[in-house]
Amino acid sequence: MAPTLEAPDDMTGPHRSEASRPLNLKNKLSAPALVLSLALATLTGCSMADSNNSDDIPLSGTSTSLAAADKMEQVSSGLYDLIGVKGKASDSRPGVTECSGRDQEKYFQIFHPWSFYPTSASDLDQAMRQLKAELPKHGWKVVDYGPDTSKNKNINLTADNDKKKYSVKVVQMAKNDPPKLSLMVVSGCYQVPDGEKIQRF
């Protein structure tokens, strides 16, 4: 499950403010390390794979972490657009983490946890249904859908975009106050360009 995030009144989507330019997911991090690692374990090794080992994280090419973060925000914005109901997104930023099993000085992943709060709580079911219906039309494959084992039986959706090398996990948290969709978007493994260092944020 993705971390709980607050939604500011002035946000209409997961976009970075002009003031804070630099920022992109997949292994251990700081405070929400356990939550993040669980999310990554769930997302890694589905159909989004480039190797014979389905547990390997696919390679996404060469990029600086800042450029990869910008691309991640575009992906999250696209997911926001697919939700199709009025609401607000939390003002969260992508982060950088290690790429499991690879040289941490050369490889990294981008992750982006954010939440969507429908204007009307009654629209939460529609938002989840809309996302499930629209994802396959935009290059995503839904690989898992259904209630989790929590007492609230939250509906979970996991989808992979093999072409773009991203995965997303969406948790419909109807019992949350306020109700929301909690999203965790992760990238494949990027390799930093020769002569560059990975900037971590």
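Student: Let's start with phenylalanine 116. Is phenylalanine 116 buried or exposed?

Tutor: Phenylalanine 116 has 0% relative accessibility, so it counts as buried. Keep in mind that this is a predicted model.

Student: OK, and which aromatic cluster are we looking at here?

Tutor: Tyr80, Trp114 and Phe116 form one aromatic cluster. The count of aromatic pairs comes to 3. In one of them, tyrosine 80 and tryptophan 114 are tilted, with 6.4 Å centre to centre and 50° between the planes.

Student: Where do tyrosine 80 and tryptophan 114 lie?

Tutor: Tyrosine 80 is in helix H2 (residues 65-83) and tryptophan 114 is in strand E4 (residues 107-118), so their pair ties together parts that are 34 residues apart in sequence. Tyrosine 80 is buried at a relative accessible area of 14%, and tryptophan 114 is buried at 0%.

Student: And how are the rings of tyrosine 80 and phenylalanine 116 arranged?

Tutor: That pair is edge-to-face, because the planes of tyrosine 80 and phenylalanine 116 sit at 70° with the ring centres 5.8 Å apart. It also links distant parts of the chain, with tyrosine 80 in helix H2 and phenylalanine 116 in strand E4, 36 residues apart.

Student: What about the largest nonpolar core, which residues touch the most other members?

Tutor: That core has 31 residues, and Trp114, Phe116 and Leu181 touch the most other members. The elements giving two or more residues to this core are H2, E4, helix H3 (124-134), strand E6 (155-161), strand E7 (166-173) and strand E8 (180-187). H2 gives the most, with 7 residues. As a general point, nonpolar side chains in soluble globular proteins tend to be buried together.

Student: What is leucine 181 in contact with, leaving aside its neighbours within four places in sequence?

Tutor: Leucine 181 is in contact with Ile83, Trp114, Ser115, Phe116, Leu124, Ala127, Met128, Val170, Val171 and Gln172.

Student: Switching topic: which charged side chains lie over the face of a tyrosine?

Tutor: Arginine 102 lies over the face of tyrosine 107, at 5.3 Å from the ring centre. Lysine 132 lies over the face of tyrosine 145, at 4.0 Å from the ring centre.

Student: Now the backbone. Is the peptide bond from aspartate 177 to proline 178 cis or trans?

Tutor: The bond from aspartate 177 to proline 178 is cis, with omega near 5°. Proline 178 lies in the loop between E7 and E8.

Student: And what is phi like at lysine 153 and lysine 165?

Tutor: Lysine 153 has phi near 50°, a positive value in a residue other than glycine. Lysine 153 is in the loop between strand E5 (141-147) and E6. Lysine 165 is not a glycine either, and has a positive phi of about 65°.

Student: Where does lysine 165 lie, and is lysine 165 buried or exposed?

Tutor: Lysine 165 lies in the loop between E6 and E7. Lysine 165 is buried, with a relative accessible area of 14%.

Definitions and conventions
Residues numbered from 1 in each chain as written. Predicted model: local features only at pLDDT ≥ 70, side-chain atom pairs only at ≥ 80, totals over all residues. Heavy atoms only, no water. Phe/Tyr/Trp six-rings, centres within 6.5 Å; stacked < 30°, edge-to-face > 60°. Helix = DSSP H or I, 4+ residues; strand = E, 2+ residues; numbered from the N terminus. Buried < 20%, exposed > 50% of the residue type's maximum accessible area, 1.4 Å probe, protein only. Lys NZ or Arg CZ within 6 Å of the ring centre and 35° of its normal. Core = buried A, V, L, I, M, F, W, Y, C linked by side-chain atoms within 4.5 Å. Contact = heavy atoms within 4.5 Å.
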